[in-house]
Amino acid sequence: MRVSVKSLTLGIGSYLGILGGGYYWALSQREAAAKKALAEKAEDAAGKPKRFSETDRLAIFGEGASKYDKEIGTDEIVMGLNLLRWWLLRQARGKILEVAGGTGRNLDYFPKGANLTIIDLCDRMMAETERKLRKSRRGDVLFGKMDVSQMSFPDRTFDTVCDTFGLCSFEDPKVALQEMERVCKDDGQILLLEHGRSTYDWLNEILDKNSHRHTARWGCVWNRDIESLCHDAGLEVTSISRWHFGTTYMIHAKPGRREADRRKGPVTTGKHAQDMSKNNKKVVLITGGTGLVGKGIEDFISSDPIAQESESYVFLSSKDGDLRDKAQTYAIFEKHRPAYVVHLAALVGGLFRNMAQKVEFYRENMLINDNVMEACKDFKVEKLVSCLSTCIFPDKTTYPIDETMIHNGPPHASNEGYAYAKRMLDVMSRCYKEEYGCNFTSIIPTNIYGPHDNFNIQDGHVIPGLVHKCYLAEQAGTDFTIWGSGKPLRQFIYSRDLAELIIWTMREYHSADPLILSVGEEDEVSIGTLAETVAKAMEFKGNVVFDTSKADGQYKKTASNLKLRSLRPDFRFTSIEEGLEKTCAWFKENYATARK
Ligand code: NAP
Ligand code: GFB
């Protein structure tokens with residue numbers, strides 16, 4: 001059958017017409033659905049523009065992180081924004097900080113080998129940056145999670161502080177600008193590429209009317225007056241250029257004169273036992289300074305003449321900076337420039353928490369330890385003392401255990417995550433010493449107890465667990481339950497004793513080989529005996545019962561303290577009875593505020 005060209009064209013034409021029509025119909029349906037979904041996100045139940053909190057907006061950034069680059073890539077090219085990024089960031093020099101680094105869209109615009117630190121508050125955006133960095137093998141970039149409105153970098157740290165399309169995302173852009181100014185050197189520069197209000201009122205009306213929809217879609221606020229913000233924050237704007245009906249701002253600024261006074265104020269975060277800028281005292285940084293051992297050290301140095309005379313202590317908590325994060329770790333070192341570091345910070349817990357969270361105990365402690373050791377090397381600290389634990393020793397071994405036996409076999413299964421992370425502290429102390437001549441060493445305490453311990457019954461160690469349970473049993477007139485059979489054996493060192501030995505190690509012990517800090521084998525007690533001593537110290541008169549359905553964990557980890565004794569034959573340990581008396585008294589007095 002012959003088909004005329006006309007009917008063929010007609011046929012193909014109507015087929016394409018139907019296809020195209022169908023496609024556009026589907027597209028319009030999809031767009032209508034997207035519009036409806038956006039409207040639902042952008043308006044509250046009454047159809048009024050929704051007010052987005054910082055958490056809301058961070059969630060929107062997170063949701064869009066993995067597809068962000070793809071979604072805005074074309075727009076940026078069409079608008080020439082990538083050219084503006086290049087133009088702005090090629091001016092970056094010296095020590096550079098990028099705030100609101102997002103997905104790392106500026107990485108390629110910074111000079112190769114630049115001393116670059118990138119921060120952002122959105123984990124998932126940072127994950128994109130990390131992916132790009134790994135791909136680009138750029139090892140010269142520090143990046144991490146940090147809130148621009150309260151950065152833990154010291155004043156006047158960076159030569160260049162830059163931000164692209166961040167001011168629209170910050171909860172309080174003025175505070176963010178003031179913080180950017182605070183961490184910028186007096187002769188430094190602040191480079192900004194932002195979007196905000198236009199120079200045309202008609203366009204600003206559109207921006208204002210649709211601002212909530214834009215936030216619902218992208219998480220940021222597109223109608224802020226960027227120029228006024230810079231002025232209000234006290235920046236000295238040296239040049240400003242605007243594009244796209246004035247909605248895109250490229251700003252070159254520097255720290256404003258006005259702010260100089262504000263910048264003279266106190267700069268401290270983290271608890272300073274003594275003002276570190278006076279008297280040229282050696283700065284001693286205690287990571288994990290707010291924990292059981294950290295508090296012991298704080299107590300010891302408060303009456304130690306050498307500490308009073310020549311050392312200045314900084315007791316850190318995780319609020320001063322998350323040591324799992326490299327940027328935050330370096331910010332702390334940048335700020336305090338320590339001569340000595342006592343590294344106590346760790347994810348710590350008793351038998352039951354260790355058994356339940358082996359992965360976290362491994363990963364968190366590996367991250368913390370790696371950042372602290374590398375920072376100690378880079379900031380050339382004179383001495384680092386890291387803290388291991390006798391539970392890291394091999395489970396199947398001969399007794400007593402000594403310092404040479406750490407790596408002679410696997411640790412007890414109940415705490416293998418924690419144990420292997422801690423073993424690496426010993427390995428790396430020796431490697432840093434060998435390769436970089438670092439004066440790193442480590443101490444190995446047995447189970448520690450004392451005031452300020454973690455008395456959480458599920459997560460804590462046996463002594464705080466027993467003290468807390470005995471307290472509750474006394475209150476309620478119920479039985480005092482000991483978990484397990486009560487047969488395992490343990491050596492316990494009182495936190496104040498350990499504190500004194502740690503500071504002595506910091507000052508006097510200079511080998512990379514680890515040192516066990518423990519009471520003698522003769523002071524080892526069974527959990528059952530320990531429970532009786534706790535009951536006595538708590539004046540508990542009720543029944544003591546054993547819940548054998550609970551795990552005993554490692555039967556024993558008897559450690560020798562001969563090496564310590566050979567170095568400190570004079571040292572007198574607090575007896576377990578005396579130590580428990582003090583711990584129970586402290587717990588009763590501080591029940592309301594104790595960690596539990
Ligand atoms: P702790 O009471 O639990 O205190 C832990 C400290 O580390 C706190 O100051 C905590 O800060 C800080 N920290 C935790 N995670 C952090 C992070 N991501 N970034 C920054 N700081 C963080 O511990 P402890 O009993 O004093 O233990 C001190 C050291 O002794 C640890 O290395 C531990 O492994 C070791 N050790 C303990 C025992 C024992 O029986 N307790 C036995 C042997 C060895 P926040 O206060 O802000 O949470
Ligand atoms: O102190 P603890 O939790 O840890 O438990 P480990 C010691 C022993 O006390 C175990 C028994 O035999 C428990 O069965 N026990 C009895 C209790 N009652 C309780 C109670 O109420 N709470 C607790 N927690 N235990 C840890 C390691 O091993 O030693 C850590 O897992 C760390 O990583 C720490 O190294 C020092 O001594 O068994």
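Colleague: Before we start, what are the helices and strands here?
Modeller: They are DSSP runs, numbered from the N terminus: helices are H or I with at least four residues, and strands are E with at least two. Also keep in mind that this is a predicted model.

Colleague: Good. Where is Phe245 found?
Modeller: Phe245 sits in the loop that runs between β6 (236–243) and β7 (248–254).

Colleague: What about its phi, positive or negative?
Modeller: Positive. Phe245 has a phi of about 55 degrees, although it is not a glycine. Most residues other than glycine have a negative phi.

Colleague: Is Phe245 buried or exposed?
Modeller: Exposed. Phe245 has 52% relative accessibility, and the cut-off for exposed is over 50%.

Colleague: Which residues does a cis peptide bond join?
Modeller: Tyr399 and Pro400, with omega at about 0 degrees. Most peptide bonds are trans. Pro400 belongs to the loop between β12 (383–387) and α14.

Colleague: Let's switch to ligand 1. How many residues surround it?
Modeller: 29 residues surround ligand 1, and Thr290, Ser318, Leu344, Tyr418 and Arg595 are the closest. By class, the shell has 13 nonpolar, 11 polar and 5 charged residues.

Colleague: Which elements each supply at least two residues of that shell around ligand 1?
Modeller: α9 (292–301), α14 (416–436) and β14 (447–449) do.

Colleague: What lies 2.7 Å from an oxygen atom of ligand 1?
Modeller: A polar side-chain atom of Arg595. A polar side-chain atom of Lys422 is 2.8 Å from an oxygen atom of ligand 1. Gly291 takes part through its backbone: an N or O atom there lies 3.4 Å from a ligand 1 oxygen atom.

Colleague: How much of ligand 1 does the protein cover?
Modeller: 88% of the 910 Å² of accessible area that ligand 1 has on its own.

Colleague: Next, ligand 2. Which residues come nearest?
Modeller: Leu351, Cys391, Lys469, Ala551 and Asp552, out of 23 residues around ligand 2. That shell holds 11 nonpolar, 8 polar and 4 charged residues.

Colleague: What is 2.7 Å from an oxygen atom of ligand 2?
Modeller: An N or O atom in the side chain of Lys469. A polar backbone atom of Leu351 is also 2.7 Å from a ligand 2 oxygen atom. For Ser389, a side-chain N or O atom is 3.0 Å from an oxygen atom of ligand 2.

Colleague: How much of ligand 2 does the protein bury?
Modeller: 98% of the 700 Å² that ligand 2 exposes when taken alone. The elements giving two or more residues to the shell around ligand 2 are α12 (351–356), α15 (462–476) and β15 (480–483).

Colleague: Which strand does Thr117 lie in?
Modeller: Strand β2, residues 115–120. Thr117 is buried, at 4% relative accessible area. Setting aside neighbours within four places in sequence, Thr117 is in contact with several residues, including Ile96, Leu142, Phe153 and Ala327.

Colleague: Last topic. What domains is the protein chain divided into?
Modeller: Domain 1 (54–260) and domain 2 (451–493 + 522–568 + 576–596). Their centres, taken over C-alpha atoms, are 53 Å apart.

Notes
Residues numbered from 1 in each chain as written. Chains lettered and ligands numbered in written order. Predicted model: local features only at pLDDT ≥ 70, side-chain atom pairs only at ≥ 80, totals over all residues. Heavy atoms only, no water. Near = heavy atom within 4 Å. Polar contact = N/O pair within 3.5 Å; in protein donor to acceptor, adjacent residues only side chain to side chain. Areas by Shrake-Rupley, 256 points an atom, 1.4 Å probe, with all protein chains shown as cover. Nonpolar A, V, L, I, M, F, W, Y, C, P; charged D, E, K, R; others polar. Domains from an automatic or database assignment. Buried < 20%, exposed > 50% of the residue type's maximum accessible area, 1.4 Å probe, protein only. Contact = heavy atoms within 4.5 Å.
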